[in-house]
Amino acid sequence: MKYLYNILCIVLVIAMTACGSSKNTTSAPSSSLYSDNDTTYLLLKHLGNATSKYKNWEDVVIPLEMSLSQPKNLTISGRATMIKDKSLFISIRALGFEVATLYANTDSIYASYKLNKIYIAEDIKKFLTSYPITIGNLQDLLLGRAFMLGKGTLTYEMNKEMILSLGKDLWTASPHCDIQGVQYAFLFGNNSDELAMLMIDFNNKSRATCCYNPATTTVAGNVSNRVDLSTSLKSIPLKASISWDIENAKWNTGATIKWKAPKGYRRIDANSLLKAF
């Protein structure tokens, strides 16, 4: 299946390089000595409520389904294992058998495809370019949790490092970004304070979005059971979704991840997969 459609486009080019955009104007000062109707007070209250719903976690094993709708149609299922801030492993299965794997840690990314007996092993910077994206950022993006690029899951204490704005139905948190030409913003519902969307802008030339289902409460706090991703790769529209079977997730069990190059497999350059795309 063309290397399982190029390992689902290297899992959507590592979830679209995980960082991004929006343009807002209201700064969030550290003081909260405002009237109940003051916009800054309301925004800080929203931020505190949203971030209080994120709890700490150590590891999770969770079934998933990934669907690609553009430029081709492909749906695969499998299981993901995440060690918080350290590593991500995805096992893709068909008819009960593992047919492909993808593993990323803080240094490298690996993928294998059994039917063609091939694998890749690359420096993760090859996919994330110069962006200071962490494994934790990627995990938050996939699970529907707001984050600060290069730092971690969003907290109330980060309010000095972002711009907040209030709209009719949504409020927005735009972390300051030191990458020239790159901006990103998280949009939350005014009533629920749940993450609804991540908007990413790359040098005003391309945009990516992640839209999230309403959150589910878990051991780790709020997690979305589905993220819909939309962007473009080489000017080709790319639309996909990742759905998590949260009810069958296993949290904080001491899960471990080990990956090694399969014997008898041929190593290929990751560029050849992306060129094939």
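This is a predicted model: local features need pLDDT of at least 70, side-chain atom pairs count only at pLDDT 80 or more; totals for chains, interfaces and linings use all residues.
Residues are numbered from 1 along each chain as its sequence is written. Local features need pLDDT of at least 70 and side-chain atom pairs count only at pLDDT 80 or more, while totals for chains, interfaces and linings use all residues, and side-chain values use heavy atoms, with hydrogens and water left out.

**Helix H4.** Select residues 135-143, which form helix H4 (a DSSP run of H or I, at least four residues, numbered from the N terminus). Nine of the nine residues in H4 are buried (under 20% relative accessible area with a 1.4 Å probe, protein chains only). Among them are Ile135, Asn137, Asp140 and Leu143.

**The largest cavity.** Keep Gly144 selected, as Gly144 also lines the largest cavity (a set of points on a 1 Å grid over the protein atoms alone, where a 1.4 Å probe fits but cannot get out; lining residues have an atom within 4 Å of a point). The structure holds three cavities of 30 Å³ or more.

**The second largest pocket.** Finally, select Pro132, Met148, Leu149, Lys151, Glu161, His176, Cys177, Asp178, Ile179 and Tyr184, which line the second largest pocket (an open set with protein on both sides within 12 Å along at least five of seven lines). This pocket has a volume of about 180 Å³.

Note on methods
Grid points are joined across faces, edges and corners, and a volume is the space filled by probe spheres set on the points. Buried means under 20% relative accessible area, exposed over 50%, partly exposed in between (1.4 Å probe, protein chains only). Helices (H or I, at least four residues) and strands (E, at least two) are DSSP runs, numbered from the N terminus.
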